[in-house]
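Colleague: I have just opened this one. Could you walk me through how to read it, feature by feature?

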Amino acid sequence: MVKKQVEQILAILDETYGITKQGFLHKEPWQLLLAIMLSAQSTDKQVEEALPALWERFPTIESMADAKIPEIEEKIRSIGLYKNKAKNMKKCCEQIVKEFGGEVPKTMEELLTLAGVGRKTANLFLSDAYDIPGITVDTHVMRISKRLGWAKGKNPEEVEYELQKVLPKEHWIRINFQLIYHGRAICTSRKAHCEKCMLASLCEKRIEQKEGKKHAQSVD
């Protein structure tokens, strides 16, 4: 992997998928945090469809903190793992109200103390809410980063730190949604559709496969 390869890939991703992503429906940072929590193991469409009624029923962080869990469950029933998410949403809001004066914290360390908030959620929230650069590593980012030769880590946190060294800081925020789109459309978990991938000529795994075939043919 060389710097030129990284720059070329990033330019292609920018051109193909854009540099900004429309965020979830929200007016306040706490709403954005909860929307991101809801999106785990669910589709953006499922979350977006549930949010209007959710915010109408719970317009303030205090109302969410004081809500009964079954009331929250009723508004997010269409979303995966809704029972566990409802518990975390209520607890998270209680913590923000009691421990942070109703304001969602702006540091990774503080966010990780909140119920239901892991490193992936915290990174995505900080970038979307406060424009604080961070790399959100989900299954798509982890898989494609390894195929491109950008990372070798065994877990999301290791890959995150590797990507921080590889990618220019101005690309940290958008690399997540770009690779999500790419992972859904082309470089899927079941099969990498290299024949229609605009990154194929720059992909380390694809290059290794082609070289392996050439070597096998020469041996034959």
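Modeller: Start with two terms. Helices (H or I, at least four residues) and strands (E, at least two) are DSSP runs, numbered from the N terminus. The expected span of a helix is 1.5 Å times one less than its number of residues. Now take α3: its 14 residues, at 1.5 Å a residue, should span 20 Å, and its end C-alpha atoms are 20 Å apart, which agrees.

Colleague: Before we go on, what am I looking at?

Modeller: This is a predicted model, where local features need pLDDT of at least 70, side-chain atom pairs count only at pLDDT 80 or more, and totals for chains, interfaces and linings use all residues. Residues are numbered from 1 along each chain as its sequence is written, and side-chain values use heavy atoms, with hydrogens and water left out.

Colleague: What is the mean pLDDT of the chain, and where is confidence lowest?

Modeller: pLDDT is the predictor's confidence in each residue, from 0 to 100. The chain has a mean of 91, and 94% of its residues reach 70 or more. Confidence is lowest in helix α12 (residues 204-219), with a mean of 61. It is highest in α4, at 98.

Colleague: How many helices and strands are there?

Modeller: The chain has twelve helices and zero strands. Its C-alpha atoms fill a box of roughly 70 × 30 × 30 Å, taken along the principal axes.

Colleague: Where does α3 kink?

Modeller: At Leu 51, by about 35°, shortly before the proline Pro 52. The bend at a residue is the angle between axes fitted to the seven residues ending there and the seven starting there.

Colleague: Can we try the span test on another helix?

Modeller: Take helix α6 (residues 82-100). At 1.5 Å a residue, its 19 residues should span 27 Å; its end C-alpha atoms are 25 Å apart, which agrees. Its buried residues include Tyr 82, Ala 86, Met 89, Cys 92, Cys 93 and Ile 96. Among the elements covering the buried residues of α6 are α2 (29-39), α3 (44-57), α4 (61-66) and α5 (69-75).

Colleague: What should I look for in the backbone angles?

Modeller: Look for positive phi. Most residues other than glycine have a negative phi, and most peptide bonds are trans. Leu 81, in the loop between α5 and α6, has a phi near 60°, a positive value in a residue other than glycine. Just after α6, Gly 101 takes a positive phi of about 60°. Asp 131 also has a positive phi, near 60°. Asp 131 sits in the loop between α8 (119-130) and α9. At 57% relative accessibility, Asp 131 counts as exposed.

Colleague: Now a helix pair. At what angle do α9 and α11 cross?

Modeller: Axes are lines fitted to C-alpha atoms, for helices over the stretch in contact, and angles run from 0 to 180 degrees between N-to-C directions. The axes of α9 and helix α11 (residues 175-185) come within 8 Å and cross at roughly 80°. Under 35 degrees counts as roughly parallel, over 145 as roughly antiparallel, 65 to 115 as roughly perpendicular and the rest as oblique. So α9 and α11 are roughly perpendicular to each other. Residues making the contact include Ile 144 and Ser 145 of α9, and Leu 179 and Ile 180 of α11.

Colleague: Is Ser 145 buried or exposed?

Modeller: Ser 145 counts as buried, at 0% relative accessibility. Ser 145 lies in helix α9 (residues 139-148). Not counting residues up to four places away in sequence, Ser 145 touches Trp 150, Ala 151, Val 159, Leu 163 and Leu 179.

How values were computed
Buried means under 20% relative accessible area, exposed over 50%, partly exposed in between (1.4 Å probe, protein chains only). Contact means heavy atoms within 4.5 Å.
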